[in-house]
Amino acid sequence: MSGLLVLDPAIERHVGFNDALHPDRAWIRMLRFAVGVFVLIALGQKTYDATQPGNDVDVFQLYSEFTVQSNFVLGLVLIASAVRPRSRLPGWWDHVFGALVFYLVMTGIIYAVLVAPPGEPWWSWDMYWPQLAHHRLAPLFVALDWLLVTKTVRGKWWRPLLWLGYPVAFLVFSWGRGAIDGWYVYDFLDPTLDGGWAAALATTAQVLVAFLVVSVLVHFTGNRRCALAAGRERRQAPDRTVA
């Protein structure tokens, strides 16, 4: 693909730099497609393994995991971003992508801090390969994509609060499900373990604070990346500023 590529709102600053990192560049689309397919293949492997005797979780439990849900949607979004030009995707697409960046970054952090087996270094890539895809590769890839690939659609200040809707709904679902069948998707949500509800609520509160902080950081870095391409917010087309 040659020549300058367009975005709506238009690129107005650092044109050469931003054109080189335009989301419609072939190499960016190929990377997104490859990672999206890899994430979904890893999910297929996890699904198959969940059907085998002696596995820790069954298929329904597997798809109750935040990691699995967010990676499943991410795989589809990366593939859609690869096969469709940015101009053919809706104006809110970058906000959905930002939400997934937020969810995947939190997936990597929570795995490293609360879920990883004892003694596993947070920097380790020596693990069951679907876990590596979902807890290491996907978070790292989308974070770099969010920071580097050109975007011009800003989010409003309340975008992080909108992004928090899914984690809060997931939390309610997880506790409701656990109350019904006694299975909690993550140990730190389980009030039947040592410490009871006090420990579960204390850890959950810390996790929610981390979610809020990371959501604001993802929102802020996304808008800063927009500023490198589109300049000040007043230059945006009004119908592309929805969050």
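This is a predicted model: local features need pLDDT of at least 70, side-chain atom pairs count only at pLDDT 80 or more; totals for chains, interfaces and linings use all residues.

**Stop 1: the rings.** There are 14 aromatic pairs to find here. Start by selecting Phe102 and Tyr103: their rings make a tilted pair, 5.2 Å centre to centre with 45° between the planes. Both of these residues, Phe102 and Tyr103, are buried.

**Stop 2: a charge on a ring.** Jump to Trp146 and show Lys151 with it: the charged end of Lys151 sits over the Trp146 ring, 4.4 Å from its centre.

**Stop 3: salt bridges.** The count here is 5. Select Arg86 and Asp94, whose side chains meet at 3.3 Å, N to O; Arg86 and Asp94 are both buried.

Then go to Glu120 and Arg136, a salt bridge at 3.9 Å, N to O. Glu120 lies in the loop between helix H5 (93-115) and helix H6 (129-148) while Arg136 is in helix H6, so this pair ties together parts 16 residues apart in sequence. Arg136 counts as buried, at 8% relative accessibility.

Last, select Arg177 and Asp181: their closest N and O atoms are 3.2 Å apart in a salt bridge. Both lie in helix H8 (residues 165-181), 4 residues apart, about one turn of the helix. Which is buried and which is partly exposed? Arg177 is buried at 10% relative accessibility, whereas Asp181 is partly exposed at 43%.

Key. Residues are numbered from 1 along each chain as its sequence is written. Side-chain values use heavy atoms; hydrogens and water are left out. Rings of Phe, Tyr and Trp (its six-membered ring) pair if their centres lie within 6.5 Å; planes under 30 degrees apart count as stacked, over 60 as edge-to-face and the rest as tilted. Buried means under 20% relative accessible area, exposed over 50%, partly exposed in between (1.4 Å probe, protein chains only). A charge sits over a ring if NZ of Lys or CZ of Arg is within 6 Å of the ring centre and within 35 degrees of the ring normal. A salt bridge is a side-chain nitrogen of Lys or Arg within 4 Å of a carboxyl oxygen of Asp or Glu. Helices (H or I, at least four residues) and strands (E, at least two) are DSSP runs, numbered from the N terminus.
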